[in-house]
Amino acid sequence: QGDTPLKPEELPMTGLPTLTSRTSKRLAAPALLAAAMLLPATAQARPAVVELFTSQGCSSCPPADALINEVASRDDVIALTYNITYWDYLGWRDTLGREENTARQEAYAQHFMDRKYTPQLVIDGETHMPGSRQRASRNAINDQVEKVAGPATLVTTPSDTGLSVSADATRTSGTASVWLVQYDVAHEVMITRGENAGETITYSNVVRDIVRLDDWDMSTPLSIDLAKDMLMEGDHDGCAIIVQQAGDYGVGEVITAARIDMALMN
């Protein structure tokens, strides 16, 4: 736990927990909501994708959670929080934990040929590091933002019926995974048991659903139409599209990404 990676086979697995109104509360903080109401992707630079795998039952995770709270409002970053489940055995069942999040982290472990651990920060699918090391993590995020700075290559166009997602063919061949990530802009959780007992922690951009929309042959143009009902399902107030090299495990280096302006879907 903490900064020491653990072998996946050493980690106990548990069932999908239930979100309860007594311990978790959706927030509608204006500053956080404003981060989701951005310009269409055609006017944006390509943001860096920062994914944090965290747990309410991990004492090393709060500094990493605070880091995501800090960067979630940045236009040049898509910050996502994935609550995992394998620390539930310590005495607190993560109210936001999802087995799908744990499976995504396991895919990254296979991709990096390394162990999974918490808090694990994955930056643009290229590198990973302990998110509890705030200064080093912040520097790595800023370095990646500078590296990918440039015009957006993923175009999202809203319509009365939904959203079209498109991108030009690339100069490189290969297959990319196109993911739809739906998240809640903020959750505040009061933790009453386990290593963080007595703490109330705010989580930003909490992933509640992630769907693999397509496997894109990058030598041809990308074109996907998404129905409004699909985008609005679950009453999530944040949404993003992530395109990353598929590799053998469906995850890899991020090629491009864009936030979806949920205000345009109402």
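Colleague: In what kind of link do the side chains of Asp215 and Arg212 meet?

Modeller: As a general idea, side chains of opposite charge can pair when their charged atoms come close. The term salt bridge is used here when a side-chain nitrogen of Lys or Arg lies within 4 Å of a carboxyl oxygen of Asp or Glu. The side chains of Asp215 and Arg212 meet in such a salt bridge, at 3.0 Å from N to O. This is a predicted model, in which local features need pLDDT of at least 70 and side-chain atom pairs count only at pLDDT 80 or more, while totals for chains, interfaces and linings use all residues. Residues are numbered from 1 along each chain as its sequence is written, and side-chain values use heavy atoms, with hydrogens and water left out.

Colleague: Are Asp215 and Arg212 buried or exposed, or which class in between applies?

Modeller: The classes rest on relative accessible area, with buried meaning under 20%, exposed over 50%, and partly exposed in between, for a 1.4 Å probe and protein chains only. Asp215 counts as partly exposed because its relative accessibility is 42%, and Arg212 falls in the partly exposed class because its relative accessible area is 38%.

Colleague: How many salt bridges does the structure hold, and which residues are linked in a network?

Modeller: The structure holds 10 salt bridges, and Arg98, Glu100 and Asp209 are linked by them in a network. Another of the pairs is Asp76 with Arg74, whose closest N and O atoms are 3.0 Å apart; Asp76 is partly exposed at 29% relative accessibility, and Arg74 is partly exposed at 23%. A further salt bridge brings together the side chains of Arg208 and Asp184, at 3.9 Å from N to O. That pair links distant parts of the chain, since Arg208 sits in strand 9 (residues 200-217) and Asp184 in strand 8 (residues 175-190), 24 residues apart. Arg208 is buried because its relative accessible area is 17%, and Asp184 counts as buried because its relative accessibility is 4%.

Colleague: How many helices and strands does the protein chain have?

Modeller: Such elements are DSSP runs numbered from the N terminus, helices being H or I over at least four residues and strands being E over at least two. By that reading the protein chain has 5 helices and 12 strands, and buried residues make up 50% of its 266 residues.

Colleague: Which residues point one way from strand 2, and which the other way?

Modeller: Strand 2 (residues 48-54) is mostly covered, with 7 of its 7 residues buried. Ala48, Val50, Leu52 and Thr54 point one way, Val49, Glu51 and Phe53 point the other way, and all are buried.

Colleague: With which strand does strand 2 pair in the parallel sense, and which strand runs antiparallel to strand 2?

Modeller: Two strands pair if DSSP finds at least two bridges between them. Strand 2 pairs with strand 3 (residues 77-83) in the parallel sense over 7 bridges, and Ala48 stands opposite Val77 in strand 3. Between these strands the chain passes through helix 2 (residues 62-71), and this β-α-β crossover is right-handed, a term that applies if, with the strands pointing away from the viewer, the path from the first strand over the helix to the second runs clockwise. Strand 2 and strand 4 (residues 120-123) run antiparallel and are joined by 4 bridges, with Val50 standing opposite Ile123 in strand 4.

Colleague: Where does Gln56 lie, and with which residues is Gln56 in contact?

Modeller: Contact means heavy atoms within 4.5 Å. Gln56 lies in the loop between strand 2 and helix 2, and Gln56 is buried because its relative accessible area is 0%. Leaving aside neighbours within four places in sequence, Gln56 is in contact with residues including Asn83, Arg93, Asp94, Val189, Asn196 and Tyr203. The side chain of Gln56 also makes a polar contact of 2.7 Å with the side chain of Trp92; a polar contact is a pair of N or O atoms within 3.5 Å, where within protein one must be able to donate a hydrogen and the other to accept it, and residues adjacent in sequence count only if both atoms are side-chain atoms.

Colleague: With which side chain does Glu106 make a polar contact of 2.8 Å?

Modeller: Glu106, placed in helix 3 (residues 99-112), makes that polar contact with the side chain of Gln110, and a polar contact of 2.9 Å joins the side chains of Glu106 and Lys116. Glu106 counts as partly exposed because its relative accessibility is 22%.
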